Amino acid sequence: MWLKWIIIFSLTSTAWGFRLTSDFTNGFYWSTLPINITVVEADPARKSMIEDLAKTAIDEWQTRSGLSLWDYTGSGTKNIIRWSTNFANETRMDPQSTLAVAIRYTKGPYFARTEIVINGGHILNQDQANLRTTLTHELGHTMGLDHSDVGDAVMAPTLQAWYTGLHSDDVEGVQAAQAEMDHRQVTGYVSPLAYENQESGQPLSCGTVGPASTTSAVSMNGLLSLVSGLLISFVRKVMKWFKSRI
Ligand SMILES: [Zn+2]
């Protein structure tokens with residue numbers, strides 16, 4: 001009897017937790033770590049504010065995981081964090097429920113660059129504590145972490161209203177992603193899908209949805225827009241596959 005419970009427990013405990021994004025699972029990865037990242041923002045006061053929050057978020061991920069993942073350079077245009085005042089048009093995500101989006105572009109077998117776009121029009125992002133949590137979540141996406149099933153994880157699909165720090169599930173997730181990247185770097189792994197997408201025009205993005213506590217309708221909208229975004233990219237992939245067969 002006890003053996004049965006141990007088996008059930010181990011099955012459920014491994015089934016629920018961090019997940020890796022589909023592009024990462026399909027074999028795309030950073031060729032080197034840490035990646036350089038910077039805030040691009042014209043308003044000096046806002047730039048400095050976002051920089052401080054981003055550095056805090058980076059520091060937390062790296063201290064907890066013991067890994068060197070991002071190098072805040074303060075210059076460059078490759079991997080960027082930016083504040084958008086035109087979020088719906090720029091990202092096609094629902095601006096009512098989506099706080100930010102992390103977009104990963106691929107080229108060959110690698111992630112070529114990443115962009116975190118903050119929804120500057122969302123009321124929750126006007127609060128620095130929330131914005132820091134949003135940035136922490138999006139930084140996780142840049143390393144190939146998808147949404148976790150653990151509700152207290154920063155990688156849960158909805159924002160934690162009172163963020164208390166990274167969950168062990170977040171730390172284990174990023175360590176798993178880094179270990180896999182390290183393995184791919186050492187072996188020079190090339191995904192069979194790597195050369196289907198030569199141009200970086202079909203990036204994979206992942207939105208962060210506002211807290212579930214606001215209203216269930218709002219968070220459902222966010223989840224639906226995320227699902228439809230994923231469906232569109234899936235349909236495109238299927239169409240591309242068919243075209244390549246004709
Ligand atoms: Zn997300």
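This section describes the confidence, the overall fold and selected local features of a predicted protein model.

In this predicted model, local features require a pLDDT of at least 70 and side-chain atom pairs count only at pLDDT 80 or more, while totals for chains, interfaces and linings use all residues. Residues are numbered from 1 along each chain as its sequence is written.

The mean pLDDT of the protein chain (pLDDT being the predictor's confidence in each residue, from 0 to 100) is 81, and 73% of the residues score at least 70. Confidence is highest in helix α3 (residues 44–65), with a mean of 98, and lowest in helix α7 (residues 216–245), with a mean of 44. For residues 5–13, the model has zero contacts beyond four places in sequence, two residues being in contact if their C-beta atoms, placed from the backbone, lie within 7 Å. For residues 212–235, also under 50, the model has 30 such contacts.

The protein chain contains seven helices and six strands, taken as DSSP runs numbered from the N terminus (helices are H or I, at least four residues; strands are E, at least two). Along the sequence these elements follow the pattern α-α-β-α-β-β-α-β-β-α-α-β-α. Among contacts between residues at least 6 apart in sequence, 75% join residues at least 24 apart. Of the 246 residues, 37% count as buried; a residue is buried if 20 or more other C-beta atoms lie within 10 Å of its own, exposed if 12 or fewer, and partly exposed in between, with C-beta atoms placed from the backbone.

Helix α3 packs against helix α5 (residues 128–142) at an angle of about 50 degrees, with the axes 9 Å apart. The pair is therefore oblique. Angles under 35 degrees count as roughly parallel, over 145 as roughly antiparallel, 65 to 115 as roughly perpendicular and the rest as oblique. Axes are lines fitted to C-alpha atoms, for helices over the stretch in contact, and angles run from 0 to 180 degrees between N-to-C directions. The contact of α3 with α5 involves M49, L53, A54, T56, A57, I58, E60 and W61 of α3, together with Q128, L131, R132, L135, T136 and L139 of α5. By class, this contact has nine nonpolar, three polar and two charged residues (Ala, Val, Leu, Ile, Met, Phe, Trp, Tyr, Cys and Pro count as nonpolar, Asp, Glu, Lys and Arg as charged, and the others, Gly among them, as polar).

Helix α3 also packs against helix α6 (residues 168–187), at an angle of about 80 degrees and with the axes 10 Å apart. This angle makes α3 roughly perpendicular to α6. W61, R64 and S65 of α3 meet V171, V174 and Q175 of α6, giving three nonpolar, two polar and one charged residues.

F111 lies in strand β5 (residues 110–119). F111 counts as buried because it has 24 C-beta neighbours inside 10 Å. Beyond four places in sequence, F111 contacts F28, Y29, W30, R104 and T106. Its C-alpha atom is 9.8 Å from that of G27, 84 residues away along the chain.

Most residues other than glycine have a negative phi, and most peptide bonds are trans. L33 and P34 are joined by a cis peptide bond, with omega about 0 degrees; P34 is in the loop between α2 (22–25) and β1 (35–40). R92, which is not a glycine, has a positive phi of about 65 degrees and lies in the loop between α4 (87–91) and β4 (98–107). With 15 other C-beta atoms within 10 Å, R92 is partly exposed.
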